[in-house]
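This report goes through one structure part by part. The sequence and the structure come first, and the description follows.

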2 protein chains.
Amino acid sequence: MVREKVQIVENILNANDQIAEENRVFFDNHGITALNIMASPGAGKTSVILKTIELLSHEIRMAVIEGDTAPVTIDADKISGVNTPVIQINSSGNCHLDALMIRNGLVQMYLQDINLIIIENIGNLICPAAFDLGAHSNVVIASLPEGDDKPYKYPNIYRGIDCLLLNKIDLEPYLDFDLAYFQKGIEALNPGVKIFPVSAKTGEGFDSWISWLQGRIKT
Amino acid sequence: MVREKVQIVENILNANDQIAEENRVFFDNHGITALNIMASPGAGKTSVILKTIELLSHEIRMAVIEGDTAPVTIDADKISGVNTPVIQINSSGNCHLDALMIRNGLVQMYLQDINLIIIENIGNLICPAAFDLGAHSNVVIASLPEGDDKPYKYPNIYRGIDCLLLNKIDLEPYLDFDLAYFQKGIEALNPGVKIFPVSAKTGEGFDSWISWLQGRIKT
């Protein structure tokens, strides 16, 4: 019984990996860099994406795939409001996006001239870690109010990522956040991974993140 | 194929509901009130529990079940540090607790004289909503830094709850949090549900929450 369950999960993950690889080939064939952004609810995924669009859209053509568990278009409306192509994927209560959802989303997009697709995953520190979407880079956005112990409590999400944004640093004076303890936790899981302290509210720290991103985009 | 999957999920949920009901009977037979606390990572579940212990332990014998996805005892150590019985359930990467985990935890606890068991669920706004644990009350802790739009984006978690704590109100001067918009979202999902604005850091607002809790405890 347990064994049967495990087999089903393995089949699902294998199927996902294959579709993810097809997505990656599709992106490559179209000269698109794809980014998968994961975070807790409220860490500031959409705010970081909006600030990134503000700073990069004069040189890079971007599009966004918004993952949501509920059929509300709050985030998608914000992206659309800054003249950026966006589609929303409703996961129907599911706790993560998967590669098939991305594939189904891609066929609904007009991808001519797009250089960068940012995928905003479902707000969750657990489930998204297990599902490759076919993105070239996986990024986690942490935030100061969540606390400095998150790498120790939710380790899997930090293991495979290519960089980490630590958002809401403008709140630093009002919180007890031990940056060294946080960094030590990340370093143990993912040695050498780049951490960018930022504030999507004030724009602080975005220059380093934007430089990193520019270095990843095929042009 | 899809139908098969749906059936399996239904079987799991039915089995869970039955065990949850058995847990509830067990709690009743032992004169224990059980509370299931759900929240995002970093909303302040453990801090709220610690403050509740500080304010209630002189009159109520409490115990805590700590749910974690990783085998670290950060939160359990904090509870143990204030002389409160605690056991930790490691969900092995799973995104929620279930009724069977609680049952397996209960047999490891010394329950003599305990009046209140607080279950700290896995930090997640999606998965825990689907699994009845057998608690008498389900509570969500939201927090100001997460943003006022969470009821609209993660509706399921707010539907079945008995009350909501809105934590970190000490950060209110530094955030753009529209309380009326948040309340409107909660009210639409769960009419009349009680909302307690609190700060686990300063203790503000805890008097109302403690009164509510006292009214629920069998003595």
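Two strands count as paired if DSSP finds at least two bridges between them. The model described here is predicted.

## The sheet of chain B

Strand E2 of chain B, residues 62–68, pairs with E3(B) in the parallel sense, over five bridges. Within E3(B), Gln88(B) is the bridge partner of Glu66(B). Strands of a sheet pair through backbone hydrogen bonds, either parallel or antiparallel.

These two strands belong to an open sheet of seven strands in chain B, with parallel pairing and the order E3-E2-E4-E1-E5-E6-E7. Strand E3 (86–90) and strand E7 (194–197) of chain B are at the edges; each has a single partner strand, so one side of each is left without a neighbour in the sheet. From one strand to the next, the twist averages 20 degrees.

Helix H3 of chain B, residues 74–81, lies across E2, E3 and strand E4 (116–123) of chain B. The helix runs at about 170 degrees to E2(B).

## The nonpolar core

The largest nonpolar core holds 117 residues. Which of them touch the most other members? They are Ile119 and Val140 of chain A, together with Ile119 and Val140 of chain B.

Leaving aside residues up to four places away in sequence, Val140(B) touches Met38(B), Ala39(B), Ile157(B), Tyr158(B), Ile161(B) and Leu164(B).

## How the two chains meet

Chain B gives 29 residues to the contact and chain A gives 29 residues. On the side of chain B that touches chain A, helix H5 (residues 150–153) of chain B supplies the largest share, three residues. By class, that side has 14 nonpolar, nine polar and six charged residues.

## Two loop residues with positive phi

Most residues other than glycine have a negative phi. Asn83(A), although not a glycine, has a positive phi of about 55 degrees. Asn83(A) sits in the loop between helix H3 (74–81) and strand E3 (86–90) of chain A. Is Asn83(A) buried or exposed? Asn83(A) counts as exposed because it has 8 C-beta neighbours inside 10 Å.

Asp113(A) also has a positive phi, near 75 degrees. Its place is in the loop between helix H4 (99–106) and strand E4 (116–120) of chain A. With 10 C-beta neighbours inside 10 Å, Asp113(A) counts as exposed.

Note on methods:
Residues are numbered from 1 along each chain as its sequence is written. Chains are lettered from A and ligands numbered from 1 in the order in which they are written. This is a predicted model: local features need pLDDT of at least 70, side-chain atom pairs count only at pLDDT 80 or more; totals for chains, interfaces and linings use all residues. A nonpolar core is a set of buried Ala, Val, Leu, Ile, Met, Phe, Trp, Tyr and Cys residues joined through C-beta atoms within 7 Å. A residue is buried if 20 or more other C-beta atoms lie within 10 Å of its own, exposed if 12 or fewer, and partly exposed in between; C-beta atoms are placed from the backbone. Two residues are in contact if their C-beta atoms, placed from the backbone, lie within 7 Å. Helices (H or I, at least four residues) and strands (E, at least two) are DSSP runs, numbered from the N terminus. Axes are lines fitted to C-alpha atoms, for helices over the stretch in contact, and angles run from 0 to 180 degrees between N-to-C directions. Ala, Val, Leu, Ile, Met, Phe, Trp, Tyr, Cys and Pro count as nonpolar, Asp, Glu, Lys and Arg as charged, and the others, Gly among them, as polar.
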